[in-house]
Amino acid sequence: MSSHSSAWIEHRTSNILGEIRGSSVQIRVGAFDRKKMKALIFSDLHLNNPRWRSGPYVDTLFPEEDFDVLLLGGDNAEPSPNRENHYRLFDHLQRKIRCPIAFVAGNHDIWDSDPSHTAEELLFGVYPEMAMKMGVHYLETTNLDIKNWTIVGTYGHYDYSFPAVDDDRQKMKDVETGRLITFTESGKVKRERTYQDFLKINMGKTTNPDLCNKILDRFEMRVRHARGSLMTISHTLPDISFAGTSAEARSPYSGSKRLGEIIKTHWSAYHFCGHTHHYFNGKFGSVDAVNIGSGGDTFRYVILDTTSSKKIKTISCSMDNPPRDMRFSRE
Ligand SMILES: [Fe+2]
């Protein structure tokens, strides 16, 4: 005779079989949801970017609650000699919050600075070392297990699988050479710019699609090895629907369809991203997805509470009346 309680049996049954309602069977992928997990998620802090005043917001508006983890979704700080801005950011955040801090990089985080590094060196050498030194968790190299959840993260990058805003006229050779061209109705060139990433990321001998594939090969492997319920975070977008309407956001430099396929295929319960500074909160397949969209006139962050009736809470702070600009310094 089984010694298991009816609650145990009910829990196992719902995990394995899903929930039977009438003739339909709904697999309850988020069965582990019952275990509480509360995460604070920032993205695009751009620390020490003169046009971004997230620094004082992080300092003054830090939520007075307990969290299981703080996640940073990339573009965490601007380039600086020896990545000093990044060290300062982690140092500061550790003083403000007691939970584990985990991060992915963003494209600004791999902009070259003194001393010179390629994107790969930064992603797979400099940031893992920084994480070790600072006692924070770098999701590009290892997953983070918290309670019954596994958090898997990646910078993402881009592979030109998203169309240019004017796909008919924008040629692949323009995309490959970092040119963003917009056209008038009559087909004349309205505006031509070069992506900052093209100028500032040291790609070494690799191409953007090759780097993206290498990053996503590793990400997919980590997703496959997730032990708990899957939660994912990236800097770049998993789908063009997460972007805003501007030509700059809806571009081949915004993300990768393969990233989206990975998180959908492996049933991520929640996905968070940033990069285009456009807010999006909705379903992506079965995934509850948010583009945090912080930047410009708004500093925005997300609180995920898996046991709350409203699981995803978004908090926006207007820049209409910002606190005096200030920069983090070592205390
Ligand atoms: Fe970005």
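Which residues touch the most other members of the largest nonpolar core? In this predicted model, they are Ile41, Leu71 and Phe272, out of the 64 residues in that core. Helix α7 gives the most to this core, with 6 residues. Here's a quick tour of the core, the sheet and that helix.

**The core**
- Nonpolar side chains tend to be buried together in soluble globular proteins.
- Looking past its neighbours within four places in sequence, Leu71 is in contact with Ala39, Ile41, Ala102, Ile233 and Phe272.

**The sheet**
- You'll find an open sheet of 6 strands, ordered β7-β8-β11-β12-β14-β13, with mixed pairing.
- At the edges sit β7 (144-146) and β13 (280-284), each pairing on one side only.
- From one strand to the next, the twist averages 20°.
- β7 and β8 (residues 149-154) run antiparallel and are joined by 3 bridges.
- Ile146 stands opposite Trp149 in β8.

**Helix α7**
- Helix α7 (residues 208-224) packs on the sheet, where it touches β8 and β11 (229-234). Its direction makes about 180° with that of β8.
- With 17 residues, α7 reaches 24 Å from its first C-alpha to its last, close to the 24 Å expected at 1.5 Å a residue.
- Its buried residues are Asn208, Leu211, Cys212, Ile215, Leu216, Phe219 and Val223. They're on the same side of α7 because they cover an arc of only 120° around the axis.
- Among the elements covering the buried residues of α7 are α4 (119-134), β8, β11 and α8 (257-265).
- Turned away from that buried side, another face of α7 carries the exposed residues Asp217, Met221 and Arg224.

Methods. Residues are numbered from 1 along each chain as its sequence is written. This is a predicted model: local features need pLDDT of at least 70, side-chain atom pairs count only at pLDDT 80 or more; totals for chains, interfaces and linings use all residues. Two strands pair if DSSP finds at least two bridges between them. Helices (H or I, at least four residues) and strands (E, at least two) are DSSP runs, numbered from the N terminus. Axes are lines fitted to C-alpha atoms, for helices over the stretch in contact, and angles run from 0 to 180 degrees between N-to-C directions. Two residues are in contact if their C-beta atoms, placed from the backbone, lie within 7 Å. A nonpolar core is a set of buried Ala, Val, Leu, Ile, Met, Phe, Trp, Tyr and Cys residues joined through C-beta atoms within 7 Å. A residue is buried if 20 or more other C-beta atoms lie within 10 Å of its own, exposed if 12 or fewer, and partly exposed in between; C-beta atoms are placed from the backbone. The expected span of a helix is 1.5 Å times one less than its number of residues. The arc is that of the directions from the helix axis to the C-beta atoms.
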